[in-house]
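The sequence and the structure come before the text.

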Amino acid sequence: MTHAPTHDHAETGAAHGEHGAHAEHHELGFWRRYVFSVDHKTIGIQYAVTGLLFLLFGFSLMMLMRWNLAFPGKALPLLGKILGDSRMPGGSMLPEFYNQLGAMHGTIMVFLGVVPLAVGGFGNFVVPLQIGAPDMAFPRLNMLSYHAYFWGGVVMLGSFFVPGGAAQGGWTSYPPLADILPAGQTWWILGMLLLITSSLLGAVNFITTIIQLRAPGLTFWRLPFFVWAQFVTSFLLLLAFPALQAAGIMQLMDRVAHTSFFLPQGLVVSGQVLKVSGGGSPLLWQHLFWFLAHPEVYVLILPAMGIVAEVIANNTRKPLWGYRALVYSVVTIGALSFVVWAHHMFMTGMGTVMSTFFQTTTMIISIPSVIILTCLILSLWGGSIRFTPPMLFALAFLPMFGIGGLTGLPLGLASPDIHFHDTYYVIAHFHYVVAPGTLFALFAGVYHWYPKATGRYLSTKLAHLHFWPSLLFINGVFMPMFIQGLAGMQRRLYDGGVAYTHTAHVLWLHKVISFSAWGLALAQIPFIINFFMSRKRGALAPDNAWDATTLEWAAPSPPPHGNFAVEPIVYRGPYEYSVPGHAGDFYPQFEPGPETVSPIPGNPEPAHA
Amino acid sequence: MSSAIPYTVETRPDTGLNNVKLGIWIFLASEVMLFGSLFAGYILLRTGNPTWGKGSELLSVPLATLNTAVLITSSVTMVMAWVAAMERKLGKFRLYMGSTVALGAVFMVVKAFEYQAKFHHGAPPSYSTFMACYFTFTGLHALHVLGGMIINFYFGFPGAKMMATDPQQFANRVETAGLFWHFVDLVWIFLFPVLYLLNFQAPPA
């Protein structure tokens, strides 16, 4: 199954540069090579490309919604006709369709876009390379993870075409509403169950791989921070997702077998008492959902932080500031993320004792997050910074994530949350974390590891055309939402809340946001062109494309099946840049030589082999 | 470098584990969270409901006791199958693995009779929150039993060829299947008292 056929030239082409010779396996047909591949690199690229496509699709849903928010009720030319009378009669959007777009935007961006790209894509491609392993521990399980994810995505997309359309209950699918919605909601649950299965199998694989397949000499304290971030992320997926799995099964039973897990007695729907046994609790769903969905927030951000750490160390040409503090922080975040979930539920009337507990834990979890951000910012101090494309995105991540994180503090406290709850302020807050935060970090990752995956650099010119307008427009999208939210504008209103007088003075910002969103879409065109063009026409990259220190750069680009020409041995920590007394400004983990002591405080002390 | 994945069969010295053994324990951790979430939901529903109403008296304790005995016995035969796999005795292995699968089938048949009786007596899942819990939890457990039976059947019969070609890896696989089977058994040990034995009848108002 996973055993590579022997290559006669594997040894000779082993060193560096001559990678074309053994990069392909002529024994495997098209299906085995591209569709049912068990190679972690192919699967990683499958995840990444599928994830990027879903991000684009989820973004398109939002651009449609932005039309109705900027011009409520106005007919959308051309596209309105194509979408048909059941969605946009006469070209103007039905509220039900707006709700479908909203629910699916959230679901797709989180579960089908960011997580597959950050964990499935970068995790699969980079982690085995960075730990010096030939593949993941369970390659066939890895293939199964991708296929479960893919079919979960197909089910989600298919739900747009069932009677009544896709899920309309928001990405949170709160009952009782979600229990009584049209059939699209059942499809949503089935799609989620597939995605959860995919994530669970992936998490088992990642944890086993990182524990078992580290190269000789690669102790835990020599792991790149990105691997640590993926390690903690996998535990979050492993232990938090089952709660949503359980909740999904219960909601499925409510919808299909007419049970009442989430339905209270005497529920009145459209003037009629619902004929169910009752006795359930809508709050149970919220507890189970947020038990997953808060750790999920860290699933979205931790791999992003990992990518930024790699890119910053590489492009400042100095060790990460406070490597151990970073690791302790990421582990602390992982543990604490399981006890903060009910800060999403301050408005449910669960009681002040509960609120006090959860606002306290929420304040505590902000501490390791701030430590990570501080370490990353301090890493810039005194570095000779190269403003490469990945570095631009990584640098933008720092203030953007900072804004997102700091604006979350008032939401984590029960009393200000009464004002902010369900306003555009909340949307602005978490989008600053995941859009200009996580997504920018993911773009940094694409620019950083693209040479490893293809052997060619992405064009720097096009990268600048991608980066600067994106940074401008994405702030144009989310900054005004803070203003709207502070004024009290409610989220999830299909017409943007034209009827409310208290927010009339901030309604005009909807147009600013919408035009920024469409501008942001245009700014992605250079990236799309770059992504496909550079595969064939980009400047050739050497194996160690960025003069980097971690193990993935010891493998040929693109790495062949089995990854490394010779089994790598690790001699030192992951970020030995600008080591005094060593020729050149980087001292790779895989380069034989004596232990070195980095002069920068907070850097990992060299372990004794 | 060979692209064979290390530690699939042999033990990694510093962790003391092979990949599959670590993998199954990690997987079981997520299973604990799955059933743990269901039990947590049960507690929240039960304590939040002043009229829990008819519960365990609708269920058949004798049949469930029988099923408990069946599953525990199957766990014993599963261990015996693993021992036989390590001793590389194919006949003995097939006997014990076959017994494990057969006992799993007995469990499922008894469960099917129980389910049928509930539907027959007008107590389907929609009857009450208790019945919803009963059907959902035992149903999910039954799916796990079914999954375990399929895996065990595969290792016991078509997959047993591997005992001749790669006995150590085969024994590891049987051990892994066994760990899963014991976990499924353990879940039942929690389900049985919670659903059948605790009498949650509400006091008369």
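Of the 205 residues of chain B, 37% count as buried; a residue is buried if 20 or more other C-beta atoms, placed from the backbone, lie within 10 Å of its own, exposed if 12 or fewer, and partly exposed in between. In chain A, buried residues make up 56% of the 609 residues. This is a predicted model, in which local features need pLDDT of at least 70 and side-chain atom pairs count only at pLDDT 80 or more, while totals for chains, interfaces and linings use all residues. Residues are numbered from 1 along each chain as its sequence is written, and chains are lettered from A and ligands numbered from 1 in the order in which they are written.

Chain A has 18 helices and two strands, whereas chain B has six helices and zero strands. Helices (H or I, at least four residues) and strands (E, at least two) are DSSP runs, numbered from the N terminus.

| Chain | Span of the C-alpha trace |
|---|---|
| chain A | about 75 × 50 × 45 Å |
| chain B | about 75 × 35 × 20 Å |

The radius of gyration of chain A is 25 Å, which agrees with the value near 25 Å for a compact globule with 609 residues. That radius is taken over C-alpha atoms, and the globule rule is 2.2 Å times the number of residues to the power 0.38.

Two residues are in contact if their C-beta atoms, placed from the backbone, lie within 7 Å. Among contacts in chain A between residues at least 6 apart in sequence, 78% join residues at least 24 apart. In chain B, residues 24 or more positions apart account for 79% of the contacts with a separation of 6 or more.

### Within chain A

Helix α9 (residues 282-316) and helix α15 (residues 424-454) of chain A have axes that come within 9 Å and cross at roughly 45 degrees. Axes are lines fitted to C-alpha atoms, for helices over the stretch in contact, and angles run from 0 to 180 degrees between N-to-C directions. α9(A) and α15(A) are therefore oblique to each other; angles under 35 degrees count as roughly parallel, over 145 as roughly antiparallel, 65 to 115 as roughly perpendicular and the rest as oblique.

Val311(A) lies in helix α9 of chain A. Val311(A) is buried, with 29 other C-beta atoms within 10 Å. Not counting residues up to four places away in sequence, Val311(A) touches Pro390(A), Met391(A), Ala394(A), Ala444(A) and His448(A).

### Between the chains

How many residues of chain A are in contact with chain B? There are 41 residues of chain A in contact with 33 residues of chain B. On the side of chain B that touches chain A, α1 (19-47) and α4 (129-156) are the elements that give two or more residues. α1(B) gives the most to that side, with 14 residues.

Helix α7 (residues 184-212) of chain A packs with α1(B) at an angle of about 140 degrees, and their axes are 9 Å apart. The pair α7(A) and α1(B) is therefore also oblique. In this contact, residues of α7(A) including Leu200(A), Val204(A) and Ile207(A) meet residues of α1(B), among them Leu22(B), Ile26(B) and Phe27(B).
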